[in-house]
Amino acid sequence: MNIINPDPLEFRKMEKERVINELEKAIQKAKVEGRIEDVEKLKKELKDLTHESFWDKFIKGSIMYWEQKLTLFLKSITM
């Protein structure tokens, strides 16, 4: 990641990792304190954050496919 020109995808990835770490710590703390209801809520939130939906994967895959095709096309017309 470049400080002057930050990569937004890299920033989002780092932020997601930070939130995951915080949720894992909160789950451990809630377990120690015996707050079962909070543990379940935090686990669900963590699961929702770490598991991409089918549509998210499909859309990302489609975008990447067309991005590659466009890049190859642009390279071929500029050479």
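The face of α2 turned away from its buried side carries the exposed residues E37, K41, K44 and K47. Here exposed means over 50% relative accessible area, buried under 20%, and partly exposed in between, with a 1.4 Å probe and protein chains only. The model is a predicted one, in which local features need pLDDT of at least 70 and side-chain atom pairs count only at pLDDT 80 or more, while totals for chains, interfaces and linings use all residues. Residues are numbered from 1 along each chain as its sequence is written, and side-chain values use heavy atoms, with hydrogens and water left out.

**Overall architecture**

- The chain contains 3 helices and 0 strands; helices (H or I, at least four residues) and strands (E, at least two) are DSSP runs, numbered from the N terminus.
- Along the sequence, the pattern is α-α-α.
- Of the 79 residues in the chain, 9% are buried.
- The chain has an accessible surface of about 7,300 Å², and 62% of this surface belongs to carbon and sulfur atoms. Accessible areas were computed by the Shrake-Rupley method with a 1.4 Å probe, and for residues only the protein chains shown count as cover.

**Nonpolar core**

- I20, L23, I27, A30, V39, L42 and L46 form the largest nonpolar core, which has 7 residues. Such a core is a set of buried Ala, Val, Leu, Ile, Met, Phe, Trp, Tyr and Cys residues joined through side-chain atoms within 4.5 Å.
- Two or more residues of this core are given by each of the elements α1 (8–32) and α2 (36–50).
- The largest share, 4 residues, comes from α1.
- Setting aside neighbours within four places in sequence, I27 is in contact (heavy atoms within 4.5 Å) with V39, L42, K43 and L46.

**Helix α2**

- The residues V39, L42 and L46 of α2 are buried.
- Viewed down the axis of α2, the buried residues fall within an arc of 70°, so they line one face of the helix. The arc is that of the directions from the helix axis to the C-beta atoms.
- The cover over the buried residues of α2 includes α1.

**Salt bridges**

- The structure holds 5 salt bridges, each defined as a side-chain nitrogen of Lys or Arg within 4 Å of a carboxyl oxygen of Asp or Glu.
- R18 and E15 meet through their side chains in a salt bridge (2.4 Å, N to O). Both residues are in helix α1, and because they are 3 residues apart, about one helical turn separates them.
- A salt bridge also joins the side chains of R18 and E22 (2.4 Å, N to O). These two residues of helix α1 lie 4 residues apart, about one turn of the helix.
- An α-helix has 3.6 residues a turn, so residues three or four places apart point the same way.
- R18 is partly exposed at 38% relative accessible area, as are E15 at 30% and E22 at 46%.
- R35 forms a salt bridge with D38, with the closest N and O atoms 3.0 Å apart. R35 counts as partly exposed at 33% relative accessibility, and D38 does so at 28%.
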